[in-house]
Amino acid sequence: MKLITLNSGSNGNAIYLESDDGNSAIMLDCGISRLQIEARLKVHGRAPHADLPVFITHEHGDHVRGLASLSKTYHMRSYMTEATYRKLYARPEVKGFRFMGNTETVEHGAFRVTAFPKKHDAADPVGFLVESDGARFLYLTDLGEENPEALALLPTADGMLIESNYDLDMLLAGDYPQWLKLRVQSDVGHLSNEQAALLVKQHTGGMLRTLVLGHLSANNNTPECAETAMRAALANRNGTSPALHVASRHNVGDIIEV
Ligand SMILES: [Zn+2]
Ligand SMILES: [Zn+2]
């Protein structure tokens, strides 16, 4: 399958995945504006349409900011857990929205999307395992710490986007208030560069061939810091090293083969 990161960072997350034959596509999260999504898909000759379902990990703004406008314009389906929906909408039912259990699988064209629960300070946050064209892609952001469900999937992934949110030294030395520093580091906050690197080193398998670092913090990380930490871990890992990419906080990425 093909992967395009439209944006990834604490300022907004939106991922586009397309089957190899180009006949089906899905989006994971919708945390940038509709106009940005349209413009970034257009760079690669793609566009939103009614048959492009969106799977939402949790209710934080950096994952849903453009969802209402995008669904209203294109009438696509959106999948999320019921608790996530309740946090976002007071109304009993918004047209086009479907509840998806936190271990449920939804099929769309060539895609099978399976949710799994994760630890983060949201109502019922999930990650996604996406299967298509014989490959397994893991979408793992906004993770305070590893949980059994995520650990069970890591060794099976051919491709993965993993959060590499902050450099611990930059976080501690930075000007975030103390409560926010604690929240980011907590077991329902975010993964540091070192934590992401350790998870990849210790738990991924030999078939991992595509690795994308994402959800970088603007204030407490740099792409170079995140990449250096992960490269050090990969150098000490058994098996061949995957192709390593760092998703941009501001621009659409290249088309990546998973
Ligand atoms: Zn979040
Ligand atoms: Zn987030």
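## Reading a predicted fold, feature by feature

Modeller: Let's start with one residue: Met27 sits in strand S3, which spans residues 25-28. Keep in mind that this is a predicted model.

Biologist: Happy to begin there. Is Met27 buried or exposed?

Modeller: We count the C-beta atoms around a residue, and 20 or more within 10 Å make it buried. Met27 has 23 other C-beta atoms within 10 Å, so it is buried.

Biologist: Which residues is Met27 in contact with, leaving aside its neighbours within four places in sequence?

Modeller: Those partners are Ala14, Ile15, Tyr16, Leu52 and Val54. There is also a C-alpha separation to look at: Met27 and Phe55 are 28 residues apart along the chain, yet 6.2 Å lies between their C-alpha atoms.

Biologist: Ile15 came up there. Which residues have the most contacts inside the largest nonpolar core?

Modeller: Ile15 is one of them, together with Leu17 and Phe137, in a core of 64 residues. Leu17 touches Phe137 itself, and its other partners beyond four places in sequence include Met1, Leu3, Ile26 and Val130.

Biologist: Now the whole chain, please. How many helices and strands are there?

Modeller: The protein has nine helices and 14 strands. Its radius of gyration is 17 Å, close to the 18 Å that the globule rule gives for 258 residues, so the protein is as compact as a globular protein of that length. Buried residues account for 47% of those 258. Of the contacts between residues at least 6 apart in sequence, 65% link residues at least 24 apart.

Biologist: And how should I read a helix pair?

Modeller: Two numbers describe a packed pair, namely the angle between the axes and the distance between them. Here helix H8 (residues 193-203) packs against helix H9 (residues 223-235) at about 30°, with the axes 9 Å apart. H8 and H9 are therefore roughly parallel to each other. On the H8 side the contact residues include Ala197 and Val200, and on the H9 side Ala229 and Met230 are among them. The crossing of H8 past H9 is right-handed.

Biologist: Which of the classes, exposed or partly exposed, do they fall into?

Modeller: His75 counts as exposed, with 12 C-beta neighbours inside 10 Å. Asp133 has 16 such neighbours and counts as partly exposed.

Notes. Residues numbered from 1 in each chain as written. Chains lettered and ligands numbered in written order. Predicted model: local features only at pLDDT ≥ 70, side-chain atom pairs only at ≥ 80, totals over all residues. Core = buried A, V, L, I, M, F, W, Y, C linked by C-beta atoms within 7 Å. Contact = placed C-beta atoms within 7 Å. Helix = DSSP H or I, 4+ residues; strand = E, 2+ residues; numbered from the N terminus. Rg over C-alpha atoms; globule rule 2.2 N^0.38 Å. Axes fitted to C-alpha atoms, helices over the stretch in contact; angles between N-to-C directions. Parallel < 35°, antiparallel > 145°, perpendicular 65-115°, else oblique. Left-handed = near helix turned anticlockwise from the far one by under 90°.
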